[in-house]
Amino acid sequence: MLLGDELLTDEAIAAAIWRIRERTEHEVSAVFARLAADLEAAEASPELAALARRCADDEVRHAAHCRRIVDALAPGLPPLSPDRGVVLGPRDASAARRALYASVALGCVTESLSTALLIEMRPHATTPEVSEGLDAILRDEVRHSRLGWAHLAIEAARGDVSWLAPSIPAMIEAARAAEPTPGGGEPRDLRCYGILGAGDVARVADAVVETTILPGLARYGIAGAGR
Amino acid sequence: MDTSKLFQVLVVGGAMLGLGCVDSTLASDAGEEPTDAVVAATDAASDVDAGEGTDCGLCPNELCCEAQPDGTRATRPGMVCCWGTSC
């Protein structure tokens, strides 16, 4: 996702990106809440269901962090309206399969990538609100990613999970595309605002896909999941 | 950024925590060795201020924690909870 306008200030572009992140956090919160409900319906693991509920709450807090950053950079910029109806996984699948699909898409793929990106962002962030927000979000993203890997480990120990393999490339592509980056004319260095350039995002994404996501999935027989 | 630790932190750490939620048969079938994973997780997560009192939502579990003679629980030898929680 590219965003930018050469007529805008760096602060305005950064605020716009953090506003998108704010909306995304609310949407992901809804997905985690749905995952929790599916985990409960599938009676997969009460601990995982509870963790998914907590993740949903975490995401609301993340959105509040994003809002503080937006307010610091561009006071008065109103929030975007989130789409809370996002459903991951085949709509006609059982609750158990839909839950596993969501856990993998959200935890194993998206949150793993997010963790790597946040680790990359942190050293460059100099704006106080941004540093505070990145630290808070990163703490939680590790846990959110582990929810996915934990769920996958449980289900792989119970049976074959290779049915997920055809969906992995789309999951990875969606996760990569979800990270907003500055676009437009002259390249801008917005790293002090916790925003990486498109090149850096691609580099980090390539690395985490190759070293973490694909090997992790292959561990459970989800092989051949290319980008 | 060195992404090599993320596999241990996320994939192995997640697997250990997940398998701690289910019965020991599944855990042993999966062949997890509860030794390096959380240590590695700590190594990477030490770069993050985990704050106080947070927990991963999956504690306590038998893979990570064990009972002490005084009745309390603590992390198993060689393991450090990356979130700084107590068992």
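In this predicted model, the largest nonpolar core takes in 82 residues, and those with the most contacts inside it are A:Leu35, A:Ala52, A:Val104, A:Val109 and A:Ala153. The top contributor is H3(A), which gives 15 residues. As background, nonpolar side chains tend to be buried together in soluble globular proteins.

Next comes the pairing of two of these helices. A pair of packed helices is described by the angle between their axes and the distance between the axes. For H3 (residues 95–121) and H5 (residues 168–178) of chain A, the axes come within 9 Å and cross at roughly 45°. H3(A) is therefore oblique to H5(A), and the crossing is right-handed. On the H3(A) side, the residues that meet H5(A) are A:Val104, A:Ala105, A:Val109, A:Thr110 and A:Leu113; their partners in H5(A) are A:Met171, A:Ile172, A:Ala175 and A:Ala178. Sorted by type, the residues of this contact come out as 8 nonpolar, 1 polar and no charged. Two names turn up again here, as A:Val104 and A:Val109 are also listed among the core residues with the most contacts.

Chain B has 3 helices and 2 strands, and from the N terminus on, its elements run α-α-α-β-β. Out of its 87 residues, 38% count as buried. Among contacts in chain B with a separation of 6 or more, 67% are between residues 24 or more positions apart.

Terms used
Residues numbered from 1 in each chain as written. Chains lettered and ligands numbered in written order. Predicted model: local features only at pLDDT ≥ 70, side-chain atom pairs only at ≥ 80, totals over all residues. Axes fitted to C-alpha atoms, helices over the stretch in contact; angles between N-to-C directions. Helix = DSSP H or I, 4+ residues; strand = E, 2+ residues; numbered from the N terminus. Parallel < 35°, antiparallel > 145°, perpendicular 65-115°, else oblique. Left-handed = near helix turned anticlockwise from the far one by under 90°. Contact = placed C-beta atoms within 7 Å. Nonpolar A, V, L, I, M, F, W, Y, C, P; charged D, E, K, R; others polar. Buried ≥ 20, exposed ≤ 12 C-beta atoms within 10 Å, placed from the backbone. Core = buried A, V, L, I, M, F, W, Y, C linked by C-beta atoms within 7 Å.
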